[in-house]
Amino acid sequence: MKHTHFLPSLLLRTCAVMFVTGIAILPFHVHAQTTSERQQIAPYSEQLTEAQLAQTLAPIALYPDSLLTHILIASTYPLELVQANRWLKKQANVDVETRMQLAEQESWDPSVIALTAFPTVLEKLNDDLEWTQNLGDAFLQDEESVLAMVQTLRRQADDANS
């Protein structure tokens with residue numbers, strides 16, 4: 001199931017902020033979802049506690065905003081991530097530019113296609129599908145909390161001079 005209703009607003013906001021400021025600043029204003037909307041998106045998954053959310057986001061929180069955005073969106077397409085990782089392994093001898101052109105021809109979500117430029121990230125998402133699924137579910141359930149936690153983790157890293 002594709003969750004395309006999130007893509008236009010998130011990508012538009014991200015691109016606008018990046019264009020105006022030169023960097024994306026998180027969190028930005030997001031559409032507030034009702035509880036029933038969240039349940040329609042991920043009816044069988046429980047919402048993560050703050051500590052679980054921090055633990056889930058810690059491995060990616062310090063990535064640049066543009067890459068982080070692709071990861072968050074792509075994590076809502078775990079099957080496509082597996083397909084892209086398998087495809088990427090078959091393209092091992094192809095240069096990055098050609099590989100990206102070939103990836104554009106695939107039917108995957110644009111965020112998954114973008115991650116073909118980052119093989120180690122794509123492999124991590126593929127290798128730990130439970131974590132990827134938790135990340136995607138958390139993002140779909142409460143985008144605002146996910147983005148706020150990223151900012152919290154970044155502040156903590158900055159305070160620790162990491």
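**View 1. Asp-137 is a buried residue of helix α9.** The relative accessible area of Asp-137 is 15%, so this residue counts as buried (under 20% relative accessible area, with exposed meaning over 50% and partly exposed in between, for a 1.4 Å probe and protein chains only). Helix α9 holds this residue; helices (H or I, at least four residues) and strands (E, at least two) are DSSP runs numbered from the N terminus. The C-alpha atoms of Asp-137 and Leu-48 are separated by 9.1 Å, although the two residues are 89 residues apart along the chain. The model is predicted, with local features needing pLDDT of at least 70 and side-chain atom pairs counting only at pLDDT 80 or more, whereas totals for chains, interfaces and linings use all residues. Residues are numbered from 1 along each chain as its sequence is written, and side-chain values use heavy atoms, leaving out hydrogens and water.

**View 2. The protein chain contains ten helices and zero strands.** Buried residues account for 44% of its 162 residues. Of the contacts (heavy atoms within 4.5 Å) between residues at least 6 apart in sequence, 74% join residues at least 24 apart.

**View 3. The largest nonpolar core has 33 residues.** Such a core is a set of buried Ala, Val, Leu, Ile, Met, Phe, Trp, Tyr and Cys residues joined through side-chain atoms within 4.5 Å. Leu-57, Ile-60, Ile-71, Leu-72 and Leu-115 touch the most other members. Two or more residues each come from α3 (50-57), α4 (65-74), α5, α7 (110-115), α8, α9 (129-141) and α10 (143-159). Helix α4 gives the largest share, six residues. Residues up to four places away in sequence aside, Ile-71 touches Ile-60, Tyr-63, Leu-115, Val-121, Leu-125 and Leu-135.

**View 4. Helices α5 and α8 cross at roughly 135 degrees.** The axes of α5 (residues 78-90) and α8 (residues 119-127) come within 9 Å; axes are lines fitted to C-alpha atoms, for helices over the stretch in contact, and angles run from 0 to 180 degrees between N-to-C directions. The two helices are therefore oblique to each other (angles under 35 degrees count as roughly parallel, over 145 as roughly antiparallel, 65 to 115 as roughly perpendicular and the rest as oblique). Leu-81, Val-82, Ala-84, Asn-85, Leu-88 and Lys-89 in α5 meet Pro-119, Leu-122, Glu-123, Leu-125 and Asn-126 in α8. This contact has seven nonpolar, two polar and two charged residues; Ala, Val, Leu, Ile, Met, Phe, Trp, Tyr, Cys and Pro count as nonpolar, Asp, Glu, Lys and Arg as charged, and the others, Gly among them, as polar.

**View 5. Helices α8 and α9 pack at an angle of about 95 degrees.** Their axes are 5 Å apart, and α8 is roughly perpendicular to α9. From α8, Lys-124, Leu-125, Asn-126 and Asp-127 meet Leu-129, Trp-131 and Thr-132 of α9. Three nonpolar, two polar and two charged residues form the contact.

**View 6. Gln-91 is found in the loop between α5 and α6 (96-103).** With a relative accessible area of 14%, Gln-91 is buried. Residues up to four places away in sequence aside, Gln-91 touches Arg-99 and Leu-102.

**View 7. Met-100 lies in helix α6.** Neighbours within four places in sequence aside, Met-100 is in contact with Ile-113, Ala-114, Thr-116 and Ala-117. The C-alpha atoms of Met-100 and Thr-116, 16 residues apart along the chain, are separated by 7.0 Å.
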